[in-house]
Amino acid sequence: MNTLPQAILKQAHSLPEGGVLSPKEFLHLGSRAAIDQAFSRLSKEGKLLRVARGAYVAPVSSRFGSRAPSPEKVIQALAEQNGETVVPHGASSANVLGLTQQVPIREIYLTSGKTRELTLGHSIVLVKHAPRWMMALGSRPAGAAVRALAWMGPTHVSKSLASLRRTLSSAEWQTLTTARAGLPGWMAQAIGKETMHG
């Protein structure tokens, strides 16, 4: 009885949805070649999904059959595993904050780590490296506002800020204005002007 695939599956099923497994975690159980082969076989059988090089997740079973875990959960697990910050892309932030009706066609996240594509079932999710200032305020509303403004661009910044001032709580607006020294010049200037209108 081959216990290596069983050990891998046991670990996979003990993780929450989207939990990521790496072949490196199993090096104590056999040679790298044997471990890679076990992962490869399990993904061919559909018992694991290969989301990126050296990263696998267990499919989620539901009454409608099995599906890929939600992208947010996989990305969160990868971020924790690699010590990265990962946040939604500016286009989704702009949509959530009501600055645009456009719904992004493709799922894109921004990361402090390297750019890569993840395969989740039939969809490809892009995790794109972004400059530090875009991630500085994390996933809180003020951070989403920074990414939304970056995506909207300098031509729409004043109109967007007037709208954000109405939708953000005063604490989040304060966080945004306090953070402007670390933002690009055009954005910092526009935030400063909007604050003066108050």
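Colleague: Which residues gather in a patch of positive charge on the surface?

Modeller: Bearing in mind that this is a predicted model, the patch of positive charge on the surface is formed by Lys 24, Arg 50, Arg 53 and Lys 114. Such a patch takes residues with over 30% relative accessible area and no salt bridge, with like charges joined within 9 Å.

Colleague: Why is Arg 50 called partly exposed?

Modeller: Arg 50, which is found in strand E1 (residues 49-52), has a relative accessibility of 46%. Partly exposed covers what lies between buried, under 20%, and exposed, over 50%, and therefore Arg 50 at 46% counts as partly exposed.

Colleague: What makes Phe 39 a buried residue, and which residues is Phe 39 in contact with, leaving aside its neighbours within four places in sequence?

Modeller: Phe 39 has a relative accessible area of 0%, and is therefore buried, the limit being under 20%. Phe 39 is found in helix H2 (residues 32-44), and, once neighbours within four places in sequence are left aside, Phe 39 is in contact with Ile 8, Leu 21, Ser 22, Pro 23, Phe 26, Leu 48 and Tyr 56. The C-alpha atoms of Phe 39 and Gly 54 are separated by 9.4 Å, the two residues being 15 residues apart along the chain.

Colleague: Why is Glu 172 called buried?

Modeller: Glu 172 has a relative accessible area of 11%, and buried means under 20%, so the label applies. Glu 172 lies in helix H8 (residues 170-178), and, not counting residues up to four places away in sequence, Glu 172 touches Arg 140, Pro 141 and Ala 142.

Colleague: How do you know that Arg 67 forms a salt bridge with Glu 17?

Modeller: The closest N and O atoms of Arg 67 and Glu 17 are 3.3 Å apart, and the rule asks for a side-chain nitrogen of Lys or Arg within 4 Å of a carboxyl oxygen of Asp or Glu, so the pair qualifies as a salt bridge. Arg 67 lies in strand E4 (residues 65-67) and Glu 17 in the loop between helix H1 (3-14) and H2, so the pair ties together parts that are 50 residues apart in sequence. Arg 67 is partly exposed at 38% relative accessible area, and Glu 17 is partly exposed at 27%. Glu 17, Arg 67 and Lys 73 are also linked in a network of salt bridges.

Colleague: How many salt bridges does the count come to by this rule?

Modeller: The count comes to eight salt bridges. One of the pairs that form a salt bridge is Arg 116 with Glu 84, whose closest N and O atoms are 3.0 Å apart. This pair links distant parts of the chain, with Arg 116 in strand E7 (residues 116-120) and Glu 84 in the loop between helix H3 (71-82) and strand E5 (86-88), 32 residues apart.

Colleague: Are Arg 116 and Glu 84 buried or exposed?

Modeller: Arg 116 counts as buried at 15% relative accessibility, and Glu 84 counts as buried at 15% relative accessibility; the limit for that label is under 20%.

Colleague: What makes the meeting of Arg 165 and Glu 194 a salt bridge?

Modeller: The side chains of Arg 165 and Glu 194 meet at 3.8 Å, N to O, and the limit is within 4 Å, so the pair is counted. Arg 165 lies in helix H7 (residues 157-167) and Glu 194 in helix H9 (residues 185-197), so parts that are 29 residues apart in sequence are tied together by the pair. Arg 165 is partly exposed, with a relative accessible area of 28%, whereas Glu 194 is buried at 12%.

Notes:
Residues numbered from 1 in each chain as written. Predicted model: local features only at pLDDT ≥ 70, side-chain atom pairs only at ≥ 80, totals over all residues. Heavy atoms only, no water. Patch = residues over 30% accessible without salt bridge, like charges linked within 9 Å, V, L, I, M, F, W, Y side chains within 5 Å. Areas by Shrake-Rupley, 256 points an atom, 1.4 Å probe, with all protein chains shown as cover. Lys, Arg positive; Asp, Glu negative; His and termini not counted. Charge placed at Lys NZ, Arg CZ, Asp CG, Glu CD. Helix = DSSP H or I, 4+ residues; strand = E, 2+ residues; numbered from the N terminus. Buried < 20%, exposed > 50% of the residue type's maximum accessible area, 1.4 Å probe, protein only. Contact = heavy atoms within 4.5 Å.
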